[in-house]
Amino acid sequence: MRKPFIAGNWKMNTDSQSSTALASGLAENLKSVTTVDVAVCPPFVYLQSVAKALGDSGIAIGAQDVYFEGNGAFTGEISCEMLKDVCCTYVLCGHSERRHVIGECDELINTKLKAALAAGIKPILCVGELLEEREAEKTDEVVTDQTKKCLAGVSAEEMANVTIAYEPVWAIGTGKTATAGQAQEVHAMIRKLLAEIYDATVAENTRIQYGGSAKPGNTAELMANPDVDGLLVGGAGLKVDDFSAMINTVA
Ligand code: PGA
């Protein structure tokens with residue numbers, strides 16, 4: 001039985017005051033939720049203050065990216081050990097904005113994901129197709145290729161700490177959510193792929209989140225799908241009431 005997992009990706013939003021207010025509001029609203037795993041991924045510079053504001057609410061903290069090297073002359077980068085030092089449990093790997101705005105490739109994402117696992121941080125691997133790829137009926141091919149390349153060298157045991165987030169790029173921040181049917185189709189395909197790469201147990205146990213304009217109004221419908229185990233939430237995750245409502249719907 002996969003426990004639902006909902007994570008908020010704050011992207012490059014908030015400031016010191018609003019990030020703390022958001023975290024405190026969520027901590028207050030969600031402290032009694034035990035049936036859903038909840039995490040927030042604030043910008044690096046607010047990780048510590050957000051962790052403090054979350055207190056013992058049970059809401060975990062994640063980073064939006066990480067670098068694979070341990071330490072040294074890598075100006076501007078942040079290591080896994082640094083993330084652990086500020087209480088990060090999770091890290092996003094290969095978010096579509098890192099792939100398509102910053103230019104990260106599957107090989108780099110794979111290296112980061114493996115570094116996170118080696119350091120004891122749980123990666124959330126993001127995969128998803130562009131609009132033109134969906135229109136060219138290449139969704140399965142693109143998502144399969146990304147998943148295989150990004151999980152190369154990851155063992156079945158390590159998969160216990162990996163979450164996959166299916167985020168169709170055309171649905172991110174656009175208000176266009178994939179229909180429940182579209183999401184289920186790709187999630188089921190990813191689960192089948194995990195059975196092929198690993199085995200039935202890994203396929204059965206791996207949580208697959210949906211991301212892309214998830215909001216209070218479509219949470220129940222998306223989560224009713226047998227292979228949708230959670231959500232990766234951008235815009236709606238920046239509002240205490242919306243994010244709380246989504247988690248309460250699932251709880
Ligand atoms: P969105 O972003 O919910 O604002 O579409 C989702 C994501 O990028 O993780």
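Which residue in strand 7 is the bridge partner of Thr 163? The partner is Arg 207, and the points below start from there.

1. Basis. This is a predicted model, in which local features need pLDDT of at least 70 and side-chain atom pairs count only at pLDDT 80 or more, while totals for chains, interfaces and linings use all residues. Residues are numbered from 1 along each chain as its sequence is written, and side-chain values use heavy atoms, with hydrogens and water left out.

2. Strand 7 and its neighbours. Helices (H or I, at least four residues) and strands (E, at least two) are DSSP runs numbered from the N terminus. Two strands pair if DSSP finds at least two bridges between them. Strand 6 (residues 163–166) runs parallel to strand 7 and is joined to it by 4 bridges. On strand 8 (residues 230–233), also parallel to strand 7, the count is 3 bridges; Gln 209 stands opposite Gly 230 there. Between strands 7 and 8 the chain passes through helix 10 (residues 216–223) in a right-handed β-α-β crossover, meaning that, with the strands pointing away from the viewer, the path from the first strand over the helix to the second runs clockwise.

3. Burial of strand 7. Buried means under 20% relative accessible area, exposed over 50%, and partly exposed in between (1.4 Å probe, protein chains only). Because 5 of the 5 residues of strand 7 are buried, the strand is largely enclosed by the rest of the structure. Arg 207, Gln 209 and Gly 211 point one way, and Ile 208 and Tyr 210 the other.

4. Asp 37 and Arg 207. A salt bridge is a side-chain nitrogen of Lys or Arg within 4 Å of a carboxyl oxygen of Asp or Glu. Asp 37 and Arg 207 form one, at 2.7 Å from N to O. Asp 37 lies in strand 2 (residues 37–41) and Arg 207 in strand 7 (residues 207–211), so this pair ties together parts 170 residues apart in sequence. Arg 207 has 16% relative accessibility and therefore counts as buried.

5. Asp 65 and Lys 112. The closest N and O atoms of this salt bridge are 2.9 Å apart. Asp 65 sits in the loop between strand 3 (60–63) and helix 3 (80–85), and Lys 112 in helix 5 (residues 106–119), 47 residues apart. Asp 65 is buried at 6% relative accessibility, and Lys 112 is buried at 4%.

6. Other salt bridges. Glu 104 pairs with Arg 98 at 2.7 Å; Glu 104 is buried at 8%, whereas Arg 98 is partly exposed at 23%. Arg 2, Arg 191, Glu 204, Asp 227 and Asp 229 are linked in a network. The count comes to 17 salt bridges.
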